[in-house]
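These are my notebook entries on a single model. I record below what I looked up and what I found.

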Amino acid sequence: MRLAAFRFAADSAAFGSAADSAAFGSAADSAVGHRVGLVIGTGAALMVHPFPAGTDLVRLLAADPAEREEAADKAAELDGHPLTDVVLLPPVYPVAMRDFLTFEAHVEGVGRGMQGHTAVPPEWYAAPSFLFMAPHAVHGPFDDVAMPPDTERLDFELELAVVTCRDIRNVTPEGAAAAIGGYCLMNDWSARDVQGREMRLGLGPSKGKDFATTIGPWVVTPDELGDLRNEDGLLDLGMAVQVNGREVGSDRSGHMSWSFEEMLSYASRASWVKAGEVIASGTCGTGALAETWGRTGALEPPPLQVGDVVEMVVERVGAIRNRVVAREEDVPAIPPARRRGREGA
């Protein structure tokens, strides 16, 4: 089952009332016209069939499968809307986002360029490390993305992600499986020069990544992908990224060194993982320009520029496509530190 968040594209009168979306629970979610729909078909025949106004996507993912199927059957009986009639939104406005680092090839390549590593650090093998992301930066699957300030090295990151549908704490990987509501794509947009400066201080990345994260195009429930597990129990899906129609990276999700169930179990150790979080795999092999830069020592392919279009595809999940556009907002100047020095130094 594919479940999307959307609004009607026609005009504000078609969006419904703010009360229709009150169940979504956050200021971002409560935008007028936010609806949940069942996605049926492919290509030009793809249709979005709305669930009743007020339907919550995360609660729908958590529902008993028979109840969810019944709700989907009712939605499918109603008229569907082609993508030209709707605007796909981020499937969720996450309560939190965690980005793991599970592809060994990416760790090796990007580590050479950004941190000067000659091999994968041994600490990486000890546990599935992750960073917290900026949940308020999520963009829809086909939204424009504004060029962030202070960067000359804008990059993308091709990732697979899950949306959680249950609260968990101290669960085993087997127990974590019930918290996986479904799968989507993620593009973790990255300003590599800003990120590099931050990481030299042993912090971040923060401002190098907090301006945009694309998720979508919808959420695919786990039952749709169960036949694509490899011998290690990992989902084995083809992943690819293009810039302006030219493929610049590809990999398979089966090359992850930890499963999503193992990642969730680790995240839940002595800590809560809440329903409505987005948990990402980290960048797949060759899924970022910085990985290639690190291996070759050259900025080729070049950093992204205004006008570039980045398209990502994951087998049996879907595709997202975003255009980089000029920034329209003004940003304040960065205040430098007050140099204090040490008394007597």
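**Entry 1: Cysteines**

I searched for disulfides, taken as pairs of cysteine sulfur atoms within 2.5 Å, and the count comes to zero. The model is a predicted one, in which local features need pLDDT of at least 70 and side-chain atom pairs count only at pLDDT 80 or more, while totals for chains, interfaces and linings use all residues. Residues are numbered from 1 along each chain as its sequence is written, and side-chain values use heavy atoms, with hydrogens and water left out.

I then looked up accessibility, for which buried means under 20% relative accessible area, exposed over 50%, and partly exposed in between (1.4 Å probe, protein chains only). Cys-165 is buried at 6% relative accessibility, and Cys-184 is buried at 0%.

**Entry 2: Salt bridges**

I counted a salt bridge wherever a side-chain nitrogen of Lys or Arg lies within 4 Å of a carboxyl oxygen of Asp or Glu. The search of the whole structure gives 16 salt bridges. To place them I used helices (H or I, at least four residues) and strands (E, at least two) as DSSP runs, numbered from the N terminus.

I examined Glu-70 and Lys-74, which form a salt bridge with their closest N and O atoms 3.8 Å apart. The two residues are four apart in helix 2 (residues 65–77), so about one helical turn separates them. Glu-70 is partly exposed, at 46% relative accessible area, and Lys-74 is exposed, at 51%.

I next examined Arg-295 and Glu-291, whose side chains meet in a salt bridge of 2.6 Å, N to O. This pair is also separated by about one helical turn, because its members are four residues apart in helix 7 (residues 289–296). How accessible is Glu-291? Glu-291 is buried, with a relative accessible area of 1%, whereas Arg-295 counts as partly exposed at 39%.

Asp-155 belongs to strand 9 (residues 154–155) and Arg-192 to helix 5 (residues 192–199), so the pair ties together parts that are 37 residues apart in sequence. I note that both Asp-155 and Arg-192 are buried. They also belong to a network of salt bridges that links Asp-155, Glu-157, Asp-188, Arg-192 and Lys-209.

**Entry 3: Aromatic rings**

I paired rings of Phe, Tyr and Trp (its six-membered ring) if their centres lie within 6.5 Å; planes under 30 degrees apart count as stacked, over 60 as edge-to-face and the rest as tilted.

Trp-124 and Tyr-125 have ring centres 4.9 Å apart and planes at 80 degrees, so I list the pair as edge-to-face. Trp-124 is buried at 6% relative accessible area, while Tyr-125 is partly exposed at 44%.

Tyr-183 and Phe-260 are edge-to-face too, because their planes stand at 70 degrees, with the centres 5.8 Å apart. This pair links distant parts of the chain, with Tyr-183 in strand 12 (residues 180–188) and Phe-260 in helix 6 (residues 260–267), 77 residues apart. Both Tyr-183 and Phe-260 are buried.

I also found a cluster in which ring pairs link Phe-100, Phe-130, Phe-132 and Tyr-266.

For charges over rings, I required NZ of Lys or CZ of Arg within 6 Å of the ring centre and within 35 degrees of the ring normal. The charged end of Arg-2 sits over the ring of Trp-218, 5.4 Å from its centre. Lys-274 lies over the face of Trp-272, 5.2 Å from the ring centre.

Which residues does Thr-221 contact, apart from its neighbours within four places in sequence? With contact meaning heavy atoms within 4.5 Å, I find Met-1, Leu-61, Arg-68, Gly-181 and Gly-182. Thr-221 lies in the loop between strand 14 and strand 15 and is buried, at 0% relative accessible area.

Gly-226 lies in the loop between strand 14 (213–220) and strand 15 (238–243), and is partly exposed at 47%. From Gly-226 to Asp-236, ten residues apart in sequence, the C-alpha to C-alpha distance is 10.0 Å.
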